[in-house]
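Please open the structure in your viewer and keep the selection panel at hand.

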Amino acid sequence: MRSGPSVRVPLGDTQTKALETSSLTTPGSHPFHIKLQIRDAFNPTSDYHAEIEEYWSSPTLWKRIVTAPNLRHVTTVNESGTHVESSGDYFPLWLRGFVTAIVDPVPRDVWSKPDLMLEQTLSASGTKTPPCASALVRIGGSPPAPASLCFFLNGLLSSVDTPGYEMEFNEFSDFNGKQIAHLYLSQIQPETLLVGKIDKLEHSNKKADFFATPQSQSSPDPLASYTIDASQIEKLAENSTGLNWPTVSSGKTEGSISLFVSVDTHGQVREASVLSTDNPELDQAALDQLLGKKLKPAAWKGSPVQVEGPLLLSFSTKTDSSSKTSSTAVGLPSGVVAGKAISQPRPHYPDSAKQQHISGSVYLRAIIAADGTILKLGVIESASPILSEAALAAVKQWKYQPYLLDGVPTKVSTTITVNFSIGPSTFTLIGSR
């Protein structure tokens, strides 16, 4: 279907209405108690799991408890200020992203500029695509990196993608007259998908004494993360970032890769993501080698602090047409993936599920290898663990024709929906962003 003209409108009104409709903390919001569970879709036993619990009465009276492996972080805001109790030496950037998503989902520093526009394409038949705004973000002297902010056709927030913060919003339901997302997805690495699920959202009637703190004055956050510019990161990284660059099959052999890094109080690089690159074939090599590198610890007023910011790496390598460099999975829509299916054994509907009249859908994220086999498979959401096991067992056997990008077989990612109903099971494919 041919695309028609594009429609451009100012971002402001759409963004304001979306936040008024679906944000828990906008002016006039009701007190709430929320609990969000986070897990790694591809590897449930990894360290990517956490819980965020918050009791919110007003912008000046709330308590948030964040727990994760080697971390417990309690923030209380009351009439005397902000009080923080913390154990652990690092507050993950990916975890801060989920906190942001549930209480203040759109970064104002990027998306409050008055000249930003939403663009929406009309097909020849008049069908509209979801509206999105785009921007180039420059952090602390780094090369400009792309950012996007998208909405569903009904005006609710769909996704935010900015350096250091990427989130998709799904499964909206009513809470005190607002439409609140209950399922959050964050692709923090090309093959690491984090799923955040609200398992409790209710009215809170906590009294003021619940928010009382041991101290009468505010206390600093020992795990606050400070954003610093590229020159400061480079000073911390002196003599620490010499990397071994693999050969590439095509593209530039000399250039640079800009990354957004998060460094703990000991100077260790704990997280990294690509902002811009002169050769995507080298992105994974840069990430794999940089993670865990030891830099000089940053300090503020004599105390070590956690920092984040841009780091520019220069590379020099050679071309080798037979190079087997690691490639990043390319997200594909359902039509492209479905058209390349070779073998898709149907899932078996478990007898125990039938006997208990359990039905519904299992939503999976799949990484399909360059040879067309299923490389990774994870559950995003499921009607039942019994159905999840059946869906995973079947889809792991699926086979596709290799997807060619510029003539080269390439890994791809997509979202698969397996629908179970009383009777033969069915399945369909849906695309991924």
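A residue is called buried when its relative accessible area is under 20%, exposed when it is over 50%, and partly exposed in between (1.4 Å probe, protein chains only). Helices (H or I, at least four residues) and strands (E, at least two) are DSSP runs, numbered from the N terminus. The model is predicted: local features need pLDDT of at least 70, side-chain atom pairs count only at pLDDT 80 or more, and totals for chains, interfaces and linings use all residues. Residues are numbered from 1 along each chain as its sequence is written, and side-chain values use heavy atoms, with hydrogens and water left out.

**Whole protein.** Begin with everything displayed as a cartoon. The secondary structure comprises eight helices and 27 strands. With a radius of gyration of 23 Å, close to the 22 Å that the globule rule gives for 433 residues, the protein is as compact as a globular protein of that length. This radius is taken over C-alpha atoms, and the globule rule is 2.2 Å times the number of residues to the power 0.38. The C-alpha trace spans about 65 × 60 × 45 Å along its principal axes. Of the 433 residues, 47% are buried.

**Helix H2.** Select residues 93–103. Nine of the 11 residues of this helix are buried, so H2 is largely enclosed by the rest of the structure. To see them, highlight Leu93, Trp94, Leu95, Gly97, Phe98, Val99, Ala101, Ile102 and Val103.

**The nonpolar core.** Next, display the side chains of Ile38, Ile52, Leu95, Phe98, Trp111, Phe169 and Tyr184, which touch the most other members of the largest nonpolar core, a set of 54 residues. H2 supplies the largest share of this core, eight residues. Such a core is a set of buried Ala, Val, Leu, Ile, Met, Phe, Trp, Tyr and Cys residues joined through side-chain atoms within 4.5 Å.

Centre the view on isoleucine 52. Which residues does isoleucine 52 contact, leaving aside its neighbours within four places in sequence? They are Ile34, Lys35, Leu36, Ile38, Arg64, Ile65, Val66, Leu95, Phe98, Val99 and Ile102. Contact here means heavy atoms within 4.5 Å.

**Strand S2 and its partners.** Select residues 32–40. Seven of the nine residues of S2 are buried, so this strand is largely enclosed by the rest of the structure. Two strands pair if DSSP finds at least two bridges between them. S2 pairs with S13 (residues 192–203) in the antiparallel sense over nine bridges; there, isoleucine 38 has glycine 196 as its bridge partner. S2 also pairs in the antiparallel sense with S3 (residues 50–58), over seven bridges, and leucine 36 is bridged to isoleucine 52.

**Helix H1.** Move to residues 11–22. The 12 residues of H1 reach 17 Å from first C-alpha to last, close to the 16 Å expected at 1.5 Å a residue. Leu11, Gln15, Ala18 and Ser22 are buried. Viewed down the axis of H1, its buried residues fall within an arc of 65 degrees, so they line one face of the helix. Asp13 and Lys17, on the other side of H1, are exposed.

**Two positive phi angles.** Finally, select glutamate 171, in strand S11 (residues 165–175). Its phi is near 55 degrees, a positive value in a residue other than glycine, and glutamate 171 is partly exposed at 34% relative accessible area. Asparagine 176, in the loop between S11 and S12 (178–189), has a positive phi of about 50 degrees although it is not a glycine. Asparagine 176 is partly exposed, at 39% relative accessibility.

Notes:
The expected span of a helix is 1.5 Å times one less than its number of residues. The arc is that of the directions from the helix axis to the C-beta atoms.
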